[in-house]
Amino acid sequence: MTIKLGIPSKGRLMESTFDWFDARGVYLSRTGSEREYSADIEGVEGIELVLMSASEVPRELAAGRIQLGITGTDLVREKLVNWPKQVDSLAEFGFGHADLIIAVPTCWIDVETLDDFDAVCAAFRKKHKFRLRIATKYHRLVREFLKDAGVADYQIVDSQGATEGTVKNQTAEAIADITSSGETLLANHLKALSDGFILQSQATLFGLHRESIDQVDLAYFDAFLRKIELV
Amino acid sequence: MEQDQKIYGLSQKLHRFFQDRGALSIEPDLLQPAELLLDLYGEDIRARAYLAADALRGEQMLRPDYTVPVVQIHMEGRANPARYTYSGKVFRKQEQDADRASEYIQVGYECFGDDDPAEADAEVFTAISAALSGVETEVKTGDMNVLMAAVSGLRASEYRKSALLRHIWRPRRFRTLLERYAGKLKKSPERQALLMADNPFDNAAPFVGIRNRDDIEDRLVRLRHDMAEPPISEAELDVLSAITKLSDTYEKALGTLQDLERDLPSISGAINRIERRLEALASRGIDTRSLTFEASYGRTSMEYYDGFVFGFYCATEVMETPVATGGRYDALTRHLGNGIDLPAVGGVIRPDLLVKAEGQGA
């Protein structure tokens with residue numbers, strides 16, 4: 001048996017992940033042809049790499065098909081109910097920073113805060129006869145945030161990509177999405193609400209609770225965490 | 001298994017009990033149109049209800065309670081007044097606490113179309129109370145109408161009052177609004193400048209989306225009006241605060257409310273209704289001296305009740321969830337009936353919690 005570690009399958013997140021492990025004496029590399037999803041790990045025993053999309057890591061961890069995985073805090077919090085009961089946050093990598101925020105059209109000069117946003121939701125519903133739409137893929141996080149803030153008369157519409165474009169395309173009036181530099185917001189004539197900050201996310205190593213790991217694999221699991229100096 | 005049979009047996013017994021009191025047994029659909037419930041309760045209900053995709057009929061919801069389907073059955077042409085009872089499962093997702101049941105039986109008793117709300121309130125309360133006889137319970141009661149009447153009587157614009165009433169079930173935003181209307185929150189310099197500007201749309205970003213320039217201008221007019229409106233007075237804030245904190249025996253609570261009435265006469269109708277309800281309860285043999293009144297009861301957990309509210313609690317410490325709840329929901333029926341007034345009051349019992357409480361020796 002081995003411990004399975006889910007890692008991002010491409011892009012800058014993968015590169016940065018490789019660098020982070022390099023610095024700790026664990027060497028990850030892609031193998032096979034450029035398009036083949038396989039990878040190698042050197043410097044530790046009993047760890048097998050699984051390349052996957054960061055958005056699948058929370059689900060695979062929860063199902064126990066992988067024991068360790070690298071993904072964003074935002075995805076774990078959105079996809080795993082009561083996440084600390086299911087996984088541990090083992091190491092924050094210090095890259096892949098992004099904020100989950102609520103944004104509205106910049107032309108809404110009358111809207112700065114959630115208080116304004118809520119008032120607009122009420123007036124919008126009255127006039128347009130439907131609840132103001134917020135496009136997002138973070139359904140749970142947004143709903144919980146707005147519930148705490150006491151915002152009413154909105155609805156969430158699903159958007160899995162190009163979310164900033166939904167307002168212009170008139171399939172939503174506002175959005176909730178991850179932003180790092182704010183440039184995409186700007187380019188799409190959107191601005192963040194001053195108090196509509198839902199959470200800050202970064203690339204993080206998550207692992208199952210020790211008690212959820214098979215007895216035979218526990219030695220590998222502990223040795224790996226020692227190697228990367230987490231215990 | 002044994003537990004389930006006990007619960008089922010008890011629910012049948014309670015169902016018959018209400019039928020014997022003259023209620024008609026009804027069996028609403030398990031699947032309800034999601035759109036209607038979402039429009040009524042808001043997006044939050046997605047976190048609490050099970051949704052199912054249906055390409056033909058649109059998104060469906062496993063009934064999270066009986067209220068809406070019962071109202072609809074009544075409106076499909078039954079005569080007023082009417083009494084209904086039902087017994088069946090409702091479904092609630094439990095995202096926070098896995099120990100709470102996600103499906104459980106509710107047995108209900110509902111009254112529609114009565115001319116005398118005090119009598120109907122008392123009738124439902126007495127029916128639930130009688131159904132629970134032999135079980136040791138603590139009772140909480142309240143009346144959402146007191147706070148609503150107080151808000152309606154504030155010296156403030158209709159706009160401010162309706163904004164406050166919209167958030168009456170969300171205490172936190174209600175308080176923020178109140179603070180703003182009382183002039184306690186400072187406007188940002190940007191907001192000040194915007195409201196003073198002759199041409200606020202100079203240098204504005206391109207217009208995108210459905211909310212157009214007219215909508216934005218309407219709100220700017222509204223914000224300027226609001227800036228010119230005098231703040232809600234300290235005296236009125238004190239009255240509202242005293243009402244939200246009020247929790248006492250009926251005798252003392254009524255005394256307090258009568259004192260507050262001098263500062264805010266708009267609550268006199270609500271006080272009157274409480275007194276008439278108390279008389280109706282007493283004439284039905286309820287010991288009203290042992291009842292307590294909490295003006296904020298039902299404010300966070302019972303979003304569609306807008307009058308009399310009550311809950312029965314078993315005395316064991318683990319039972320924070322009421323074994324029975326109920327109240328008046330005239331505003332909900334008005335909404336579902338497109339403005340037609342249909343007085344409605346009802347209550348539900350949870351046999352599973354009763355069986356659990358019995359097991360704990362309550």
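Student: What makes helices α11(B) and α12(B) roughly antiparallel?

Tutor: In this predicted model, α11 (residues 250–263) and α12 (residues 268–283) of chain B pack at about 160 degrees, with axes 10 Å apart. Axes are lines fitted to C-alpha atoms over the stretch in contact, and angles run from 0 to 180 degrees between N-to-C directions. Angles over 145 degrees count as roughly antiparallel, so α11(B) is roughly antiparallel to α12(B). The helices are DSSP runs (H or I, at least four residues), numbered from the N terminus.

Student: Which residues meet there?

Tutor: From α11(B), they include Leu254(B) and Leu257(B); from α12(B), Ile271(B) and Ile274(B) are among them. Contact means C-beta atoms, placed from the backbone, within 7 Å. The contact residues divide into six nonpolar, two polar and two charged. Ala, Val, Leu, Ile, Met, Phe, Trp, Tyr, Cys and Pro count as nonpolar, Asp, Glu, Lys and Arg as charged, and the others, Gly among them, as polar.

Student: How do you know where the domains of chain B lie?

Tutor: The bounds come from an automatic or database domain assignment. It gives domain 1 (2–28 + 63–150 + 239–359) and domain 2 (156–232). Their centres, over C-alpha atoms, are 36 Å apart. Six residues of domain 1 and five of domain 2 make the contact.

Student: How many residues of chain B are in contact with chain A?

Tutor: 32 residues of chain B, against 30 of chain A. The largest share on the chain B side, five residues, comes from α9(B).

Student: What should I know about numbering and confidence?

Tutor: Residues count from 1 along each chain as written, with chains lettered from A and ligands numbered from 1 in written order. Local features need pLDDT of at least 70 and side-chain atom pairs 80 or more, while totals for chains, interfaces and linings use all residues.

Note on methods. Helices (H or I, at least four residues) and strands (E, at least two) are DSSP runs, numbered from the N terminus. Angles under 35 degrees count as roughly parallel, over 145 as roughly antiparallel, 65 to 115 as roughly perpendicular and the rest as oblique. Two residues are in contact if their C-beta atoms, placed from the backbone, lie within 7 Å.
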